Structures are given as structure tokens and as C-alpha cells.
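Please keep the sequence and the structure in view while reading.

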Amino acid sequence: MRGVNLSDASRIPSTRLKPVCIVGLGLIGGSLLRDLVAQGHTAYGYTHSRNGTRAAQRDGFDATNSLIDVLQRAQRDDALIVIAVPFEAVADVLDAIAQYAPSCGFTDVVSVKKPVYDLVLARGMGERYVGGHPMAGTEHSGWVASQEGLFSRAAWVVTYDYALEVDRVPECWSQLFAQVCKLAAAAGAEAVPVRVNPHDEAVARVSHLPHVLAEALALVGDKGGTLAQSLAAGSYKGGTRVAGTDPVLVRNMCETNAESLVRVLDEYIEVLHTARADLAGATPSMKQLAESGHRAYTRMSARSGARRESVSPVKISSRPVMRLHPGAPGWVRQLQQIESLGGRVEVF
């Protein structure tokens, strides 16, 4: 397996972000391109859509609809590649990277991490990969939905499983980890080190389950007909907002994280069964659910705050931040400590 070109990477100052090649210019990839260019970084991208390519070019961005061309350019630039396509397209993109950008490190922004990591390992590309997932978005999609500032103050997951699975962490991987953290910082986000399995379980609770609930709530409300529609106010509209997300994207998120999501759904259904039993009793009661739910909401708000416009509602309020130097003695143990605290990491 070929690693990242150390002769080139080692000369990059620690404060500098490499050129960034973004494969996929939808909401997330397009917003990242906007942020990087606005901050003065070298960034360019690919989208399979000719309309999307033309729209990005009209807006003044460096975009192409040739995957081969953009990956060959990334290889020449020793760029950091960001995979920003739906999960169903990830395998094909990995194969293209292996062929046309064989020495580039890469990350991704897919909302599940274990399935992506499995694809990477199956291709022997673990040394070149650090997973990512910015916890931000809207219910809209495509280049036209992209916006500057989407990731401001958001949590950006950065995975580090590979460092726990090898006897000695290669220098190229340590440098790649640092680059992904700097990528998050350049977009205005804060890097959160998380292993792939805890990540997928957590997002099943706070990101993917809300999509299931929104779709179900939209169905139940719709059965109320025009009267329910005319009376629907803030609580219903807020609860169903992400049902406006493209169904293909919802399926990608939920189906690829089905194992974790089913376990969380079972928990939720049990809560609903208890609430139904309390309401169906001789003296209907919402006391238990209302009070325990309010306490849980207060705890979650105190820890994270709610990002109003985000599909994945996580925003930073007061989190421990630890500075570390990737590759220094004990730095992987520090990552484990930071993850246990739900903290953020800054690299230097």
C-alpha cells in the first residue's frame, strides 16, 4: 500500500492547510468549498451534475464534472481529498482515488462512520484515511443550498480508530489527522475526536432518530386533513421540519446506520408505550414523561445548546478544549481522554 507522500507532507508548515479537493458539491461539500475559499485557502471540487458544475462556476468557484481530472489534479497538488457524496457512491469514489490519486490522504463528511471505515479497510487504504462528520446542515440539498458559514461553531467529528489498531502510528497518518482538524477549523467548526462505533450510536440518537420521528409526525398530522393543516403551529412545524429533506438522503442516513438506529427506536417505542399507558389510565397523566423529558432537555441544552437551523442539532457552548501535537508521545491516549469528555481538540 502506498502512503501519503512524506517527502512533500513533511515540508508543510504546521499552520498551513494543504490544497483541498472536494468530491461532491452538494449542501455540505459546496458549503465547505465556499468557506475555504472565503478564508483564502486553495480549494476546488467535483460534482457529477453539469447544472451543479455550471452553477458553482457562475458563482466564481473552481469546479468540474470530471472526477478523473479533479483527482489527477489532487495528486499533482498533494491535496487533501474530501469525500462529500452519498454513502452509496463512496465505494466508487474510493476506487477512483486509489487509481488516480494514489498518494493523497483523504477524509469524508458522510453521516455514518463504521460503514465508510469498513470500505476503506477493505481496500487497504486505512493509512490514508481519517473520517469526518460535520454536525451541521439543513433540510435542503444541492449546490444551490450551500452557504458560507454553515459550520460556524459546529462540532466536526474526526475519527481516530486507525491509530488504536496499529502498533506504531505512521507519521503520514498523524499529519493527515492534523490536516483534517485544520480543515474543520478553517470551516469555523471545532474538531471532536470520536471512534466510529460510538459516533454511529450517538448520531442514531440525536440525528437519525429525529428524521424517523419527523416523517412519522408528518404522516399523523396529514391524516387530520385541512383542519389540522390550518391549525398547525410552531411545535408541529418544528417537529416535522426535517421531513422536508430529500428522501434519498434520509434513506442513506438511516439505512446505513440501521443497527444503531433500531436499538434507539426500541428505546423510544418503550417510552411511548409507557406514556400511552399513563394517558389511558383511569386518571390520565403526563407527569412522568413531561417532567423527565423537561429535565433531559435542560441537561442537553446546558451541554450543547441547540442549533436552530441544523438538521443535526449540535452546537458548542462550553466544552473542554485540549491542544495536542499529532505524533508526540502519548497523543493518541490524549484523544481517548478528550473523547471521554466530549471535548474538542486543537492541533499545532
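## Salt bridges in the whole model

A search of the whole structure, which is a predicted model, finds 15 salt bridges. Side chains of opposite charge can pair when their charged atoms come close. The sections below take up some of these pairs and then turn to a contact between helices.

## A buried pair

Which parts of the chain does the pair of Asp78 and Lys18 tie together? The side chains of Asp78 and Lys18 meet in a salt bridge, with a distance of 3.2 Å from N to O. Asp78 lies in the loop between helix H4 (67-77) and strand E4 (80-83), while Lys18 lies in the loop between helix H1 (6-9) and strand E1 (20-23), so the pair ties together parts that are 60 residues apart in sequence.

Asp78 has a relative accessible area of 8% and is therefore buried, since the cut-off for this class is under 20%. Lys18 also counts as buried, with a relative accessibility of 8%.

## A pair between two strands

Another salt bridge joins the side chains of Glu346 and Arg323, at 3.9 Å from N to O. Glu346 belongs to strand E10 (residues 344-347) and Arg323 to strand E9 (residues 321-324), so this pair ties together parts that are 23 residues apart in sequence. Glu346 is partly exposed, with a relative accessible area of 41%, whereas Arg323, at 52%, is exposed.

Lys114 forms a salt bridge with Asp118, and their closest N and O atoms are 3.0 Å apart. Both residues lie in helix H6, where they are 4 residues apart, about one turn of the helix. Lys114 is partly exposed, with a relative accessible area of 29%, and Asp118 counts as partly exposed at 36%.

Elsewhere, Asp62, Arg73 and Asp77 are linked in a network of salt bridges.

## Where helix H6 meets helix H9

Two packed helices are described by the angle between their axes and the distance between the axes. The axes of helix H6 (residues 114-122) and helix H9 (residues 196-222) come within 9 Å and cross at roughly 150°. Because angles over 145 degrees count as roughly antiparallel, H6 and H9 are roughly antiparallel to each other.

On the side of H6, the contact is made by Lys114, Pro115 and Tyr117, and on the side of H9 by Val196, Asn197 and Asp200. The residues of this contact of H6 with H9 divide into 3 nonpolar, 1 polar and 2 charged.

Technical notes. Residues numbered from 1 in each chain as written. Predicted model: local features only at pLDDT ≥ 70, side-chain atom pairs only at ≥ 80, totals over all residues. Heavy atoms only, no water. Axes fitted to C-alpha atoms, helices over the stretch in contact; angles between N-to-C directions. Parallel < 35°, antiparallel > 145°, perpendicular 65-115°, else oblique. Contact = heavy atoms within 4.5 Å. Nonpolar A, V, L, I, M, F, W, Y, C, P; charged D, E, K, R; others polar. Salt bridge = Lys/Arg side-chain N within 4 Å of Asp/Glu carboxyl O. Buried < 20%, exposed > 50% of the residue type's maximum accessible area, 1.4 Å probe, protein only.
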